[in-house]
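Good morning, colleagues. Please bring the sequence and the structure up on your screens, and I shall speak about helix geometry and packing.

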Amino acid sequence: LVELDRAHLVHPVASWRGHEAAGVRVIASGDGATVTDTSGHRLIDGFAGLWCVNAGYGQESIVEAATRQLRTLPYATGYFGLGSEPAIRLAARLAEAAPGDLDHVFFTLGGSDAVDSTVRFVRHYWHSRGKPERDQFITLEMGYHGSSTVGAGLTALPAFHTGFGVPHDWQHRIPSHHAYRNPAGQDPAAITAASVAALRAKVKALGGPERVAAFYVEPIQGSGGVLVPPPGWMAAMRAVCAEMEILFIADEVITGFGRTGPLFACAEEGVVPDMMTTAKGLTSGYAPMGAVFLSEHVYATIADGAGQGVVGHGLTYSGHPVSAAIGLAVLDLYEGGLLENGRRAGARLMAGLQALADHPLVGDVRGRGMLAALELVTDKAAKTPLPAAAQPATRIFDRAWAQGLVLRAFPWGVIGFAPPLCCTEAEIDGILARTRAVLDETLD
Ligand code: PMP
């Protein structure tokens with residue numbers, strides 16, 4: 001498998017530095033919060049795959065729902081006036097659960113095409129209102145919004161731009177609210193004031209609100225290293241956008257479906273966006289699916305009152321019946337105790353990580369619920385990052401793997417945690433004990 005993988009399977013963003021010879025590690029099976037590789041090595045999956053297997057592996061009710069749907073009807077298009085029961089029922093349940101008037105759902109295959117769809121809906125919104133000049137988009141530094149051509153433009157991480165040369169001159173960024181290394185300091189009110197001022201300044205620089213289409217934000221920045229805004233930050237940014245009639249889009253691809261506690265992170269911020277993107281936890285990794293939630297006034301520009309669509313936008317696998325049946329089974333699990341378990345496990349995880357703050361390598365502990373990170377430094381006062389030449393990410397990942405823990409090690413010395421919400425107390429304690437052991441080894 002390692003040889004076949006090396007010869008034929010492309011992993012553009014995989015980092016093999018330091019273990020090129022070993023090649024890919026092949027996961028053979030999963031059960032609850034654990035996975036086992038082809039050599040029989042069992043590990044706690046501290047990252048739920050790629051922040052997505054929220055329900056954990058081997059959930060029988062999901063497998064049964066998928067199997068039943070595969071036997072009954074594996075496919076129906078939503079394209080020309082047809083539909084399927086699971087897609088309709090899932091849309092209705094999601095609309096019911098979503099904040100405010102986000103009552104209309106467009107299904108995609110994942111997060112990137114969910115983000116792309118919102119860009120098209122935003123553009124159509126302003127065209128249909130006779131304001132096509134509202135064509136500039138603003139996002140945050142350190143943000144991640146997908147890997148498609150448009151989504152990668154909204155993504156701020158430099159690796160997603162360097163060497164591609166795609167013009168993204170309609171996409172602009174303001175600094176992240178990142179507390180640990182924020183030039184505005186660590187005071188929450190000062191950080192929020194700086195972000196509000198930066199957004200206003202950017203809008204002005206672009207020619208005023210009449211040129212700006214939308215502002216995109218993750219409720220917690222995931223791929224940027226789990227960067228949590230201060231309380232009230234989202235609401236303050238939402239208010240600025242509302243005042244200037246700039247559409248406010250919340251990208252909940254990571255934060256949605258219990259990752260931070262509630263079903264949607266926007267809800268706990270008291271914010272209702274104009275559109276919301278989700279994926280990952282929606283089907284918990286059991287099948288590909290994403291969902292865009294549209295508020296009434298955005299929906300009104302895309303379909304008439306009878307649900308008749310008026311725009312050229314659609315996907316062969318939008319509302320795929322098997323993915324939708326899985327989504328319904330996953331929602332049953334969330335509502336049947338999984339969210340509650342995730343909240344309990346998340347509190348234990350955060351408390352345990354806070355207890356690691358006294359470790360000589362730990363500069364910052366941050367997160368909410370089952371979404372957390374440690375930022376490692378060699379000097380706490382100077383916040384000196386681990387030397388890149390020592391390839392800290394590869395070393396930390398390898399050591400955790402040997403200990404029986406999958407975690408995400410970001411190249412700049414941040415360790416990310418996003419375990420399945422089904423974790424037991426013993427598994428959370430296992431993640432914490434193994435992490436401490438990895439830190440102690442990294443100190444040597
Ligand atoms: N938005 C956010 C906030 C994400 O974290 C991701 C994926 N990590 C995406 C969009 C893209 O989702 P996908 O990989 O499913 O296309």
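This is a predicted model: local features need pLDDT of at least 70, side-chain atom pairs count only at pLDDT 80 or more; totals for chains, interfaces and linings use all residues.

Helix α11 covers residues 321-354, which is 34 residues, yet its end C-alpha atoms are only 43 Å apart. A straight helix, at 1.5 Å a residue, would reach 50 Å. Where is the kink in α11 centred? It is centred on E335, and the kink is about 60 degrees.

I turn to the packing of α11 with α13. These two helices have their axes 10 Å apart and pack at an angle of about 25 degrees. Because angles under 35 degrees count as roughly parallel, α11 is roughly parallel to α13. The crossing of α11 past α13 is right-handed. On the α11 side the contact is made by A345, R348, L349 and G352, and on the α13 side by E425, I428, I431 and L432. By class, 5 of these residues are nonpolar, 1 is polar and 2 are charged.

Next comes the packing of helix α12, residues 392-403, with helix α13, residues 425-443. The angle here is about 135 degrees, and the axes lie 9 Å apart. The two helices, α12 and α13, are therefore oblique to each other. Their crossing is right-handed. Which residues of α12 meet α13? They are R395, I396, R399, A400 and Q403, and they meet R434, A437, V438, E441 and T442 in α13. This contact of α12 with α13 comprises 4 nonpolar, 2 polar and 4 charged residues.

Thank you for your attention.

Terms used. Residues are numbered from 1 along each chain as its sequence is written. Helices (H or I, at least four residues) and strands (E, at least two) are DSSP runs, numbered from the N terminus. The expected span of a helix is 1.5 Å times one less than its number of residues. The bend at a residue is the angle between axes fitted to the seven residues ending there and the seven starting there. Axes are lines fitted to C-alpha atoms, for helices over the stretch in contact, and angles run from 0 to 180 degrees between N-to-C directions. Angles under 35 degrees count as roughly parallel, over 145 as roughly antiparallel, 65 to 115 as roughly perpendicular and the rest as oblique. A crossing is left-handed if the near helix is turned anticlockwise from the far one by less than a right angle, and right-handed if clockwise. Two residues are in contact if their C-beta atoms, placed from the backbone, lie within 7 Å. Ala, Val, Leu, Ile, Met, Phe, Trp, Tyr, Cys and Pro count as nonpolar, Asp, Glu, Lys and Arg as charged, and the others, Gly among them, as polar.
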